Amino acid sequence: MALFIAVDVAPELARDAASAKKLAEVCPVDIFKVGAAGALEVVEKNLDECTLCELCLAVGKPGQVSVRKLYDDGARLERRA
């Protein structure tokens, strides 16, 4: 279980194979991987390696990916419109 970071991905984005592939490609610390049938999987053991680079936020529509800082009362990093 992650202590510092949580990542939320909208279900429709997680099911989209192209978006799952893009998320896996852009993350420098391998938080995302493409699983069965091309669906996105979050690699829980890598969550606390997040560098807050915000590259994942650019994938999909605004609000479909957010990063929560658990150490900061759940403050969210989200791409704005």
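User: How much of the accessible surface of this chain belongs to carbon and sulfur atoms?
Analyst: Keep in mind that this is a predicted model. The chain has an accessible surface of about 4,900 Å². The share of that surface belonging to carbon and sulfur atoms is 52%.

User: And what percentage of the residues is buried?
Analyst: Here a residue counts as buried when its relative accessible area is under 20%. The chain has 81 residues. Of these, the buried ones make up 36%.

User: Why does the radius of gyration agree with a compact globule?
Analyst: For 81 residues, a compact globule would come out near 12 Å. The two agree because the radius of gyration of the chain is 12 Å.

User: Which element gives the largest share of the largest nonpolar core?
Analyst: That core holds 19 residues, and V7, L23, F32, C56 and V67 have the most contacts inside it. At least two core residues come from each of β1 (5-9), α1 (11-15), α2 (17-26) and β4 (65-69). The largest share is three residues, and the element supplying them is α2.

User: Which residues does L23 touch, leaving out those up to four places away in sequence?
Analyst: L23 is among the residues with the most contacts inside the largest nonpolar core. Touching here means heavy atoms within 4.5 Å. With the sequence neighbours up to four places away left out, the partners of L23 are L13, F32, L40, C56, V59 and V65.

Key:
Residues numbered from 1 in each chain as written. Predicted model: local features only at pLDDT ≥ 70, side-chain atom pairs only at ≥ 80, totals over all residues. Heavy atoms only, no water. Rg over C-alpha atoms; globule rule 2.2 N^0.38 Å. Buried < 20%, exposed > 50% of the residue type's maximum accessible area, 1.4 Å probe, protein only. Areas by Shrake-Rupley, 256 points an atom, 1.4 Å probe, with all protein chains shown as cover. Core = buried A, V, L, I, M, F, W, Y, C linked by side-chain atoms within 4.5 Å. Helix = DSSP H or I, 4+ residues; strand = E, 2+ residues; numbered from the N terminus.
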